[in-house]
Amino acid sequence: MQAKHQQSRRLGARTTRLAIVGVVAMAAATVAMAGNMIEASVYEQGEFYSSVPEASADQAQVIVFRGGASDDAPRDAQVYVDRQLHTALLPDSFTRLCVAPGEHSVEAYFNDAPLYLGKQQPRTRVELSAGATYFVELDEAGGDLVPLTRESAEEMLHAAREQLHLKSRAAAVQPCRETGVVATGLATPDVSPDAVAEDQASEP
């Protein structure tokens, strides 16, 4: 009789342990699901790209975009304007920014932590003209921004969504003043480092 009682107690304890394990597993699954939902909301993107208006006469406009990337590519690329974080681009995304005309640094970096070279050591500075719109693509191989014409860029931007999950911390970035006028087929001024160096060398 006593043996049966002990066996019953052991079975009861085992059942309790299994129940506890089940509850813990369910809780872990719930936490993981919540984490995925939070991550999805953090990286929620805006609308698909549609042709942007011309820049206002007192601003320069820059469209920085990133195409599709391989599975092993970095998840995001930090975009800096004048050494301050503007956003982080995921694959197939873009950001539209406007600044006052003049000399600026607009760069992108993969895996920038912990050195944060985008803040410490900008590689280039370029002159952005009033009323001009610049289209630049992020090169997945080296992180360089490659200037393109509007026509070429917009052919590549059809699958890109606007990146909205971060609020810009770049003081130089202004709200774009809408002109309502869309230009097509216009060339983007060449802001590559070689072109900038050539322009500087030709100045009197």
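Guide: Of the contacts in the protein between residues at least 6 apart in sequence, 76% join residues at least 24 apart, where contact means heavy atoms within 4.5 Å. This is a predicted model, in which local features need pLDDT of at least 70 and side-chain atom pairs count only at pLDDT 80 or more, while totals for chains, interfaces and linings use all residues. Residues are numbered from 1 along each chain as its sequence is written, and side-chain values use heavy atoms, with hydrogens and water left out.

The protein has 4 helices and 11 strands; helices (H or I, at least four residues) and strands (E, at least two) are DSSP runs, numbered from the N terminus. Of its 204 residues, 34% count as buried, a term that means under 20% relative accessible area, with exposed over 50% and partly exposed in between (1.4 Å probe, protein chains only). The mean pLDDT, the predictor's confidence in each residue on a scale from 0 to 100, is 77, and 65% of the residues reach 70 or more. Over residues 18-42 pLDDT stays under 50, and the model has 2 contacts beyond four places in sequence for them. Where pLDDT is low, the predicted coordinates should not be read in detail.

Beyond its neighbours within four places in sequence, glutamine 84 is in contact with Val79, Arg169, Ala170, Ala171 and Ala172. Its C-alpha atom is separated by 9.6 Å from that of serine 105, 21 residues away along the chain.

Leucine 85 also belongs to β4. Leucine 85 has a relative accessible area of 15% and therefore counts as buried. With neighbours within four places left aside, its contacts are Gln78, Val79, Tyr80, Leu166, Ser168, Arg169 and Ala170. Leucine 85 lies 34 residues from lysine 119 in sequence and 7.8 Å from it in space, C-alpha to C-alpha.

Threonine 87, a further residue of β4, has a relative accessible area of 1%, and so it is buried.

Aspartate 82 lies in the loop between β3 and β4, and its phi is near 50 degrees, a positive value in a residue other than glycine. In the loop between β4 and β5 is aspartate 92, which has a positive phi of about 55 degrees although it is not a glycine. Aspartate 92 counts as partly exposed because its relative accessibility is 33%.

Empty space comes next. Rolling a probe the size of a water molecule over the atoms shows where empty space is left. On a 1 Å grid over the protein atoms alone, a cavity is a set of points where a 1.4 Å probe fits but cannot get out, and a pocket is an open set with protein on both sides within 12 Å along at least five of seven lines; lining residues have an atom within 4 Å of a point. Grid points are joined across faces, edges and corners, and a volume is the space filled by probe spheres set on the points.

The largest pocket holds about 310 Å³ of space. Its lining has 17 residues, and Thr95, Arg96, Glu162, Gln163 and Leu164 lie nearest its centre. Strand β4 (84-89) gives two or more residues to this lining, as do β1 (45-48), β5 (93-99) and β11 (161-163).

The largest cavity has a volume of about 30 Å³. Aspartate 92 is one of its lining residues, together with Phe65, Arg66, Gly67, Met156, Leu157, Ala159 and Ala160.
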